[in-house]
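Open the model in a viewer and keep the selection tool at hand. The stops below say what to select next and what is there.

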Amino acid sequence: MMQRRQSSLCCDEGGDCHMLVSKLQETQRYLDIMQKIEDSLEKKPSYLSNIRGGRVLEDYQLVVDCTALLVDIENEIFVIHNVIRNNYRLKFPELQSFVRHPIDYARLVKKIGNEMDLTKVNLDGLLPSADIKVVTITASTTCGKPLPEQVFQKTIEACDIALALESSRKKVLDFLETRMGFIAPNLSAIVGSAVAAKLVVTAGGLSALAKTPAHTVQLFGAKKTNLVGFSTATTSQFCVGYIEQTEIVQRTPPYLRTRASELLAREATLAAFIDSFEGNPTGETGRAYRDEICKAIEKWQEPPPAKLPVPECKPKQKNVDCRLRKMELRYDITDKTKMANGKIHE
């Protein structure tokens with residue numbers, strides 16, 4: 001895999017800031033793959049017969065290249081986001097706490113620019129209405145200052161690069177969605193086309209993925225990194241596996257994500273086994289598995305059933321009439337006494 005040039009921010013002796021942005025878009029590898037994607041999207045996917053008589057997708061090698069390029073693009077977006085965030089915090093330091101997604105942050109920075117009065121900026125469509133009010137009020141009390149013209153221009157250029165990379169990322173995802181629908185329809189229905197491609201390439205094929213234990217599949221793509229001294233905005237996505245990048249896991253509450261990823265990994269290996277034998281090319285089995293996973297996660301979030309109230313242990317109240325009858329029986333004249341009294345009177 002090509003060694004990626006990271007973006008950085010440096011200052012010369014005069015104190016002027018110059019930003020060294022990524023050159024990923026200028027590499028021949030990037031240009032070749034994007035051109036092949038555009039050409040391949042215009043034609044319908046086709047299969048070829050291999051030596052053993054099986055069927056393989058004609059664009060399978062391009063799928064492998066796109067998976068590697070997709071990882072490079074995502075990493076580059078986060079690195080450029082770090083540069084934009086470090087520059088723009090001089091003007092609006094509170095913005096990074098409201099907007100954490102790199103692309104949303106880049107769009108917002110480009111829209112606001114060097115304007116200090118956000119009431120003059122139309123942010124509709126970029127943020128929810130409630131967040132727009134919070135950002136506008138916070139901007140009115142911020143301690144930031146307008147950026148110098150040189151730093152501001154470099155920041156806007158970085159935003160344009162991030163947005164261009166995001167456009168390329170969507171095009172790669174569109175290609176993977178069309179091709180992975182033929183290679184692994186059931187697996188793609190569960191984890192998504194992008195994650196399915198990463199899992200298949202990492203495992204070395206559908207058959208190898210089907211034979212891989214679920215706990216190993218859960219660790220695909222995870223990296224052990226030392227986060228001490230690094231920003232969480234640029235490293236948070238590098239410390240999780242491909243399974244945790246799926247839409248299902250991301251919508252799951254944080255305290256249930258580990259459990260959800262375990263369930264998703266088990267179902268993914270089963271779907272890969274079905275796809276390896278072309279068991280259900282329509283992907284209906286995968287969609288059924290996905291529905292079952294979503295229902296199971298919703299079931300986990302339900303509150304526990306209410307417990308029955310404990311009965312109060314109060315002393316039993318005796319019937320007053322019963323006590324009176326017992327007292328009357330105790331002091332009443334018995335038949336023997338009546339007979340004795342009758343003899344006495346005689």
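Start with the lining of the largest cavity, which by class has four nonpolar, one polar and two charged residues. Here Ala, Val, Leu, Ile, Met, Phe, Trp, Tyr, Cys and Pro count as nonpolar, Asp, Glu, Lys and Arg as charged, and the others, Gly among them, as polar. To see this lining, select Lys91, Phe92, Glu115, Met116, Leu118, Ala139 and Thr142. The space in this largest cavity is about 30 Å³, and the count comes to one cavity of 30 Å³ or more. A cavity is a set of points, on a 1 Å grid over the protein atoms alone, where a 1.4 Å probe fits but cannot get out; lining residues have an atom within 4 Å of a point. Grid points are joined across faces, edges and corners, and the volume is the space filled by probe spheres set on the points.

A note on the model: it is predicted, with pLDDT of at least 70 needed for local features and 80 or more for side-chain atom pairs, while totals for chains, interfaces and linings use all residues. Residues are numbered from 1 along each chain as its sequence is written, and side-chain values use heavy atoms, leaving out hydrogens and water.

Now colour by secondary structure: the chain has 16 helices and four strands. These are DSSP runs numbered from the N terminus, helices being H or I with at least four residues and strands E with at least two.

Next, select Ile84, Leu95, Leu187, Val191 and Leu199, which touch the most other members of the largest nonpolar core, a set of 74 residues. Helix α6 (residues 149–183) gives the most to this core, with twelve residues. Such a core is a set of buried Ala, Val, Leu, Ile, Met, Phe, Trp, Tyr and Cys residues joined through side-chain atoms within 4.5 Å. Buried means under 20% relative accessible area, exposed over 50%, and partly exposed in between (1.4 Å probe, protein chains only).

Zoom in on Leu95. Which residues does Leu95 touch, not counting those up to four places away in sequence? They are Tyr88, Tyr105, Leu108, Val109 and Val135, where contact means heavy atoms within 4.5 Å.

Finally, go to Gln250 in helix α12 (residues 247–251). Gln250 is partly exposed, at 39% relative accessibility. Leaving aside neighbours within four places in sequence, Gln250 is in contact with Glu244, Gln245 and Arg257. Draw a distance from the C-alpha atom of Gln250 to that of Ser261, eleven residues apart along the chain: the separation is 9.9 Å.

Key:
1 Å grid on protein atoms, 1.4 Å probe; cavity = no way out; pocket = protein on both sides within 12 Å on 5 of 7 lines; lining within 4 Å.
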